[in-house]
Amino acid sequence: MHFIKQNILTVVTFLPLFGALLMLLHSYFRGNNPEAMRRMALGFSLATFLASLPLIGWYADPTLIVKANWIGSLGVSYHLRVDGLSLWLVILTTLLVPLCVLASWHIDKHVREYMVFMLMLETGMVGVFLAMDMFLFYLFWEVMLVPMYFLIGVWGGERRIYAAIKFVIYTMIGSLLMLVAIIALYLLHGQSTGVYTFDIVQITENIARYDFLTYQQQMWMFAAFALAFMIKVPLFPLHTWLPDAHVEAPTAGSVILAGVLLKMGTYGLMRFNLPMFPEAAHRFAIPIMILAVIGIVYGALVAMVQPDLKKLVAYSSVSHLGFVVLGTFAFTETGMQGALYQMLNHGISTGALFLLVGVIYERRHTRLISEFGGLSTPMPVYATIFMIVTLSSIGLPLLNGFVGEFLILVGTFTSAHPRILAVIATSGVVLSAVYMLWMTQRVLFGRVTNEHNKSLADVTLREKLTLVPLVVLIIFMGVYPSFFLKRSAGQLQQIHRLVNERAVAGMVR
Amino acid sequence: MMTLLLQTSVLDINYVAIWPMIILSISGIAVLLFGIAKDPVHRDMSMIGIVGFVLAGVATGRLWLPVKTVGQIRAFSNMVIIDHFSLYFFFIFIIIGLLTLLISASFLEAERLPVGEFYSLVMFAVVGMMLMAAAGHLVMIFLGLEIASISTYALAGYRRNDLRSNESAIKYFVLGSAATAFLLYGMALIYGATGSAELEGIRTAIIDNVNAATKQPVHTELLFLGAAMMLVGFSFKVSAVPFHLWTPDVYEGAPSSVTAFMATASKAAAFAAFLRVFVFCFVPGYGQGLHSAWTTSLETIAILTMIAGNIAALTQHNFKRMLAYSSIAHAGYALVGLIADDWQAVAFYLLTYSITNIGAFGLITYLAGRGDRETEIDDLAGLGFNNLGVSIAMLILLLSLAGIPLTAGFMGKFIVFKAAWQKGFHVAVIVAVVTSAVSVYYYLRPMVIMFFRELKVEPKRLPLPTGVLVTVVLSILGTFYLGVMPGRLFQAMENAKVSFVQSR
């Protein structure tokens with residue numbers, strides 16, 4: 001058992017990559033057989049999911065921590081660890097990838113490469129959440145861009161090249177400035193403690209203990225880290241890459257983008273910005289929250305007028321992620337819990353929405369809302385699932401979305417920040433009901449107006465397999481949130497303590 | 001036996017110290033003589049070249065431990081200094097020289113160009129570069145530079161029936177000579193100011209502020225002027241903005257394998273001499289602010305180089321021209337390490353850059369096909385999935401040039417940025433970082449064309465020549481090795497024994 005515990009994080013991170021390599025070897029020796037590639041990709045991603053499940057029980061066990069020297073002279077270590085903040089995001093990732101593989105079964109263009117990129121991407125994403133060394137974190141963060149770039153660029157829609165390049169350049173500018181901040185933090189930490197290390201845990205502790213960053217340094221580093229993360233989130237006005245990338249990406253790419261990649265930004269804010277630079281966080285909180293609220297309202301308004309289903313979901317992401325940022329910067333425990341919960345909700349609901357759009361896109365090769373109507377007649381099961389997901393997305397009680405939004409709004413309202421922010425944000429909930437319900441009404445209900453839609457087949461077994469797990473989770477997360485929240489509470493409390501204690505001390509100083 | 005050989009005679013002749021150069025010179029001459037034979041066998045000449053480089057590598061390796069124990073070996077009255085700095089650069093030159101031979105073989109054969117001269121020119125150029133890295137005297141730097149440059153001028157014009165190649169050689173020759181003139185003038189002025197042409201003498205004169213010959217204080221104006229002249233000369237050689245104008249034309253016109261050699265080895269050699277003079281001799285705190293003067297001006301040059309190189313590369317349609325501008329930009333990054341006074345960072349950066357670039361150019365020699373003509377980026381259209389091996393290799397090498405983690409290119413940039421940030425060159429680092437992000441755009445373009453566009457014409461199915469294959473494989477292995485496990489090399493460089501620095 002000890003052996004398993006010691007290696008489980010490494011396995012969860014690198015099993016997909018290992019699978020990708022095996023697939024390449026298999027195709028080299030046995031010929032490039034698309035069906036075998038699909039099955040292997042599904043097998044390895046499912047195995048990774050199963051391997052990640054024990055983490056739910058073991059996440060607090062210190063034997064899980066992997067720490068080994070990597071580049072000694074620089075103080076870079078191979079350091080993986082799971083805690084309450086990363087636990088559910090890892091599980092979300094490992095859950096979504098097999099679903100994406102299933103949802104990509106119909107792809108027949110360069111199947112091997114597609115599946116290999118998918119698995120490489122999974123290693124990158126899990127690595128970002130588990131890495132506890134800034135160098136390692138940056139490595140996973142950047143390397144992940146490559147498979148995503150190809151997924152959009154090769155298997156994407158009409159304007160895929162533009163979208164892929166925009167996605168990479170936007171992210172690169174942010175992340176390279178983050179690299180400078182990482183280097184600066186590493187040097188400052190080394191100069192003041194004598195220990196040159198990239199270890200996130202150690203640096204966070206030492207910042208809290210020795211308080212070696214000047215206010216000025218905190219502000220600059222906060223800005224550099226926050227820029228990288230806010231581009232990824234994406235926070236208004238840095239969001240413009242998102243609709244392009246979402247619309248042009250293949251279905252699975254959109255699911256991964258919305259489900260996991262965007263979470264990396266909010267995860268990074270919670271992992272780095274809040275606990276490491278608390279005074280700067282308090283200083284920047286109001287402007288960031290204002291941007292978040294603008295994002296919430298703006299995203300919802302723009303989503304309302306989209307004629308394209310995918311674009312609508314993409315802009316709804318901007319709105320939903322605004323809530324996450326709002327909750328994070330409320331600096332209350334409730335707000336942060338809501339933010340974390342909303343990250344998971346958004347991953348599941350928006351992932352499911354993209355899958356649902358993919359289902360009808362495969363059948364009709366269009367995503368325009370005006371092309372559909374009355375789909376509930378030919379596709380009753382589809383319409384049922386669609387409705388549940390929609391209701392989850394607009395935050396109906398007993399479904400998951402409600403819990404997250406409620407906690408965020410309560411957390412913001414009870415925080416030290418102006419209440420008007422929470423009030424305006426609440427209008428986002430209303431607006432989301434408007435655009436989502438209006439959309440479902442135009443797509444699902446009424447009479448079938450378009451001839452092509454009359455004979456559409458309902459969801460197939462494969463599609464059910466991708467959708468049902470998400471629907472089950474939507475309901476489960478809605479009725480039993482403490483299953484998730486109690487496991488993340490400890491870590492969030494610690495972040496809460498770090499961000500508030502030090503900031504108060506700083507104000508006295 | 002080692003101690004016996006290390007003893008210096010009256011004339012201070014020490015053949016052991018220059019074994020690598022001797023071996024390369026002899027094998028260069030041997031290849032040349034072989035080439036005169038009526039019907040020279042291609043294979044044999046490649047073999048001689050390869051064996052020559054391998055033996056030179058062994059000889060270099062055998063010098064590492066003695067240097068570790070004695071600190072440095074000086075020979076020929078301080079003309080040649082063998083320390084870990086020079087040995088490290090020897091390795092770079094030998095590896096690049098060897099790989100240049102490997103990627104040229106098939107091209108020379110296809111074009112029916114004489115092999116012997118080509119190989120020997122490469123080998124002589126490498127000898128010149130080694131002398132530059134190991135120079136302990138301004139004259140030695142000049143001699144090494146001339147040996148290396150003249151060989152490269154000839155190589156650039158090696159396809160003598162091709163106008164582009166001729167243009168490249170003439171441009172390189174005229175502008176290179178002008179640069180050398182600047183350098184020489186600077187050397188003369190520095191000699192006048194300090195009374196010594198030995199690097200150590202210059203260093204001592206500046207530190208003590210005493211002219212070695214006249215025993216008067218160092219003449220500051222002369223010293224500054226000389227340093228400025230040398231700075232211009234070296235900036236020419238490393239193709240830093242605004243002295244970079246020759247680079248794109250020369251790189252585009254020269255045969256691809258020669259471009260590879262120029263962009264990697266020649267640049268590294270110029271940087272080696274640059275480091276020797278500026279970092280080791282013009283030290284901080286002495287010479288009436290000489291150090292801050294040269295770092296400030298070089299900081300400006302580095303910033304301009306990074307901006308101009310990367311922006312110009314954005315609009316290129318020719319692959320070689322794009323890599324030429326990219327090499328200008330990379331010179332800018334290396335200069336950022338230079339102003340940080342960190343020779344390890346610069347040397348490591350040059351190694352990562354050279355290893356990656358030689359592989360990329362190796363692929364270009366293959367993709368350019370007959371006559372070295374098809375070097376437009378559009379010629380790559382649709383290559384991606386039709387020739388997956390080649391295009392993935394290209395992808396990895398371009399990602400390394402762009403500085404994506406796990407590759408050598410990232411590690412090199414990381415080390416340089418760290419060194420410069422530590423020394424307080426914050427503006428330069430920020431510019432470096434932002435331009436790196438911009439550079440991703442043009443490194444991605446070949447990938448867009450290779451993978452995202454559909455095929456225009458039938459894919460080329462030329463067999464990949466063994467030499468190119470070996471080069472590319474080695475280059476990719478090196479890229480990953482330096483990117484993932486650079487720890488041992490860092491350790492070795494940290495413990496490296498370098499002359500001058502210890503005596504500080």
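This is a predicted model: local features need pLDDT of at least 70, side-chain atom pairs count only at pLDDT 80 or more; totals for chains, interfaces and linings use all residues.
**View 1. The interface between chain A and chain B.**
Chain A contributes 38 residues to the contact, and chain B contributes 36 residues. Together the two chains bury about 3,300 Å². Carbon and sulfur atoms account for 85% of that area. Polar contact between the chains comes to 1 residue pair, with both residues at pLDDT 80 or more. On the chain A side, the elements giving two or more residues are β1 (66–71), α5 (111–130), α6 (134–143), α7 (145–155) and α8 (160–193). Of the side of chain A that touches chain B, α8(A) gives the most, with 17 residues.

**View 2. Helix α19 of chain B and its buried face.**
Helix α19 (residues 466–484) of chain B has 19 residues. From first C-alpha to last, α19(B) reaches 27 Å, close to the 27 Å expected at 1.5 Å a residue. Its buried residues are B:Gly467, B:Val468, B:Thr471, B:Val472, B:Ser475, B:Ile476, B:Gly478, B:Thr479, B:Leu482 and B:Gly483. Seen down the axis of α19(B), these buried residues fall within an arc of 160 degrees, so they line one face of the helix. The face of α19(B) turned away from the buried side carries B:Thr466 and B:Leu477, which are exposed. What do the buried residues of α19(B) pack against? Their partners are α4 (84–111), α14 (343–368), α16 (388–402), α17 (408–422) and α20 (487–494) of chain B.

**View 3. Helix α17 of chain B, a packing partner of α19(B).**
α17(B) has 15 residues. The helix reaches 21 Å from its first C-alpha to its last, close to the 21 Å expected at 1.5 Å a residue. Of the 15 residues of α17(B), 14 are buried, so the helix is largely enclosed by the rest of the structure. Just after α17(B) comes B:Gly424, with a positive phi of about 90 degrees.

B:Lys171 and B:Asp249 form a salt bridge, with the closest N and O atoms 2.7 Å apart. The pair links distant parts of the chain, 78 residues apart. B:Lys171 sits in helix α7 (residues 163–194) of chain B, and B:Asp249 sits in helix α10 (residues 246–253) of chain B. B:Lys171 is partly exposed, at a relative accessible area of 27%. B:Asp249 also counts as partly exposed, at 22% relative accessibility. Which residues belong to the network joined by salt bridges that share partners? They are B:Glu167, B:Lys171, B:Asp249, B:Glu252 and B:Arg321.

**View 4. B:Ser168 in helix α7 of chain B.**
B:Ser168 is buried, with a relative accessible area of 1%. The side chain of B:Ser168 reaches the backbone nitrogen of B:Ala254 at 3.5 Å. Leaving aside residues up to four places away in sequence, B:Ser168 touches B:Ala156, B:Asp249, B:Val250, B:Gly253 and B:Ala254. One of these contacts, B:Asp249, is also the salt-bridge partner of B:Lys171.

**View 5. Two salt bridges between buried residues of chain A.**
Over all chains, the count by this rule comes to 23 salt bridges. In one of the two in this view, the side chains of A:Arg112 and A:Glu113 meet at 3.1 Å, N to O. A:Asp308 is buried, with a relative accessible area of 13%. A:Arg367 is buried as well, at 16%.

**View 6. A:Ile91 in helix α4 of chain A.**
A:Ile91 belongs to helix α4 (residues 84–103) of chain A. The residue is buried, at a relative accessible area of 8%. Residues up to four places away in sequence aside, A:Ile91 touches A:Phe49, A:Ser52, A:Leu53 and A:Ile56. A:Ala249 is 158 residues from A:Ile91 in sequence and 23 Å away in space, C-alpha to C-alpha.

Note on methods
Residues are numbered from 1 along each chain as its sequence is written. Chains are lettered from A and ligands numbered from 1 in the order in which they are written. Side-chain values use heavy atoms; hydrogens and water are left out. Helices (H or I, at least four residues) and strands (E, at least two) are DSSP runs, numbered from the N terminus. The expected span of a helix is 1.5 Å times one less than its number of residues. Buried means under 20% relative accessible area, exposed over 50%, partly exposed in between (1.4 Å probe, protein chains only). The arc is that of the directions from the helix axis to the C-beta atoms. Contact means heavy atoms within 4.5 Å. Buried area is the accessible area (1.4 Å probe) that two parts lose on being put together, summed over both. A polar contact is a pair of N or O atoms within 3.5 Å; within protein, one must be able to donate a hydrogen and the other to accept it, and residues adjacent in sequence count only if both atoms are side-chain atoms. A salt bridge is a side-chain nitrogen of Lys or Arg within 4 Å of a carboxyl oxygen of Asp or Glu.
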